[in-house]
Amino acid sequence: MGSIERISILGVPVDVVPKLELEGKIVELLEKDGVKQIMFLNVWDLLKARRNSQYSECLRNADLIIPVSKSILFGARFLKKRIPVRYNPFDATISILSVLESRFKTLYLLGGRKKALMAAEKNVRSTFKGLQLVGRYVGFYKKTSEDGLIEAVYKASPSLVLLSDGIRKKDCWVYSRRNRFNSSIFLYYRDIVGIFSKRVKRISDRTFEKGLEIWGEILRNPLKLFLIFPYMWYIILLVCTRLFDKDN
């Protein structure tokens, strides 16, 4: 694991994980006791971590932070840091599931609407035949149902809990409840149930490689055009850090 390194961009941790090292890191996490958390990080998450103390704490304690945004790579290069490897979150999820399947591990699906979740479960079973699904639970659930959900996940003790849309607080949901779970890896990826159920179209490899995935988000929600303002702030922060913070 010597080539995996945690760097800091604007005070936010980011892991440098060469693609040839990802499988070994997942195996390492499978063998590690307790709750483990993998997080995908885009530039908006990075900015959120600078102003949200709970999210920042969640990130600092994550076992693996995988950058999914070209802007994070730009920031590392601009600050003369080691440049991370950028992952397509869907491809990374498939790689992680493949590692689990090859070792006959278990999976719990959490999130999405009922019909989408059932369709996703069916497709996962047919695609990853060596991976045992030990449970599923819908997202957008009532608060009163949460204790039952947590108990179900605890008893199932899956190798991986894959979280999707409908989970309040997303990654922070896991972190704030970490003492109530058994030894599992947790990964939040909003669109995964939708993609597995074929209700959400995944970003094409070509679009992702060009870093144009934000335009799909804008088409779904034109208000995201205003993200240009926090992005400009990101650039200003990078420039100020390079000019005035010698330790950056």
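Visitor: Which residue forms a salt bridge with Arg 190?

Guide: Start with the general idea. Side chains of opposite charge can pair when their charged atoms come close. Now the case here, in a predicted model. Arg 190 pairs with Glu 217, and the closest N and O atoms are 3.0 Å apart. Arg 190 sits in the loop between strand 8 and helix 9 (192-196), and Glu 217 belongs to helix 11 (residues 213-220), so the bridge ties together parts that are 27 residues apart in sequence.

Visitor: Is Arg 190 buried or partly exposed?

Guide: Arg 190 counts as partly exposed, at 33% relative accessibility.

Visitor: How many salt bridges does the structure hold?

Guide: The structure holds 18. Another one links Arg 180 and Asp 147, with 3.0 Å between the closest N and O atoms. Asp 147 is in helix 7 (residues 146-156) and Arg 180 in the loop between helix 8 and strand 8, so this pair ties together parts that are 33 residues apart in sequence. Both ends can be read for accessibility. Arg 180 is partly exposed at 38%. Asp 147 is partly exposed too, with a relative accessible area of 48%.

Visitor: Which residue pairs with Arg 202 in a salt bridge?

Guide: Asp 205 does, and the closest N and O atoms are 3.6 Å apart. Arg 202 is partly exposed at 30% relative accessibility. Asp 205 is partly exposed at 40%.

Visitor: Which residues do salt bridges with shared partners join into one network?

Guide: The network consists of Arg 190, Asp 191, Glu 217, Arg 220 and Lys 224. Arg 190 and Glu 217 are the pair from the opening question.

Visitor: Now a charge without a bridge. Which side chain of opposite charge is nearest to Asp 171?

Guide: Use the cut-off here. A salt bridge needs the nitrogen and oxygen within 4 Å. For Asp 171 the nearest side chain of opposite charge is Lys 48, 7.0 Å away. Asp 171 therefore has no salt bridge, although Asp 171 is buried. Asp 171 lies in helix 8 (residues 171-176).

Visitor: What is in contact with Asp 171, leaving aside neighbours within four places in sequence?

Guide: The contacts are Gln 37, Ile 38, Met 39, Tyr 55, Cys 58 and Tyr 188.

Visitor: And Lys 170, where is that residue found?

Guide: Lys 170 is in the loop between strand 7 (160-163) and helix 8. Lys 170 is partly exposed, at 44% relative accessibility. Chain separation and spatial separation are read as two numbers. Lys 170 and Tyr 189 are 19 residues apart along the chain, and their C-alpha atoms are separated by 8.6 Å.

Visitor: Which residues of helix 1 are buried?

Guide: In helix 1 (residues 19-31), they are Leu 22, Lys 25, Ile 26, Val 27, Leu 29 and Leu 30. Next, look for the cover. What covers these buried residues includes strand 3 (36-41), strand 4 (64-67), helix 5 (89-102) and strand 8 (185-188).

Visitor: What does Thr 93 touch, not counting residues up to four places away in sequence?

Guide: Thr 93 touches Phe 40, Leu 162, Leu 187, Tyr 189 and Ile 192. Thr 93 is found in helix 5. At 1% relative accessibility, Thr 93 counts as buried. For a spatial check, take Val 35, which is 58 residues from Thr 93 along the chain; their C-alpha atoms are separated by 18 Å.

Visitor: Is Glu 213 buried or exposed?

Guide: Buried means under 20% relative accessible area. Glu 213 is at 18%, so Glu 213 counts as buried. Glu 213 is found in helix 11. Leaving aside neighbours within four places in sequence, the contacts of Glu 213 are Val 68, Arg 86, Ile 203, Thr 207 and Phe 208.

Visitor: Last, the surface. Which residues form a nonpolar patch there?

Guide: Leu 223, Phe 226, Ile 228, Phe 229 and Met 232 do, with about 550 Å² of accessible area together. Met 232 is found in helix 12 (residues 228-244). Met 232 counts as partly exposed, at 44% relative accessibility.

Conventions: Residues numbered from 1 in each chain as written. Predicted model: local features only at pLDDT ≥ 70, side-chain atom pairs only at ≥ 80, totals over all residues. Heavy atoms only, no water. Buried < 20%, exposed > 50% of the residue type's maximum accessible area, 1.4 Å probe, protein only. Helix = DSSP H or I, 4+ residues; strand = E, 2+ residues; numbered from the N terminus. Contact = heavy atoms within 4.5 Å. Patch = residues over 30% accessible without salt bridge, like charges linked within 9 Å, V, L, I, M, F, W, Y side chains within 5 Å. Areas by Shrake-Rupley, 256 points an atom, 1.4 Å probe, with all protein chains shown as cover. Lys, Arg positive; Asp, Glu negative; His and termini not counted.
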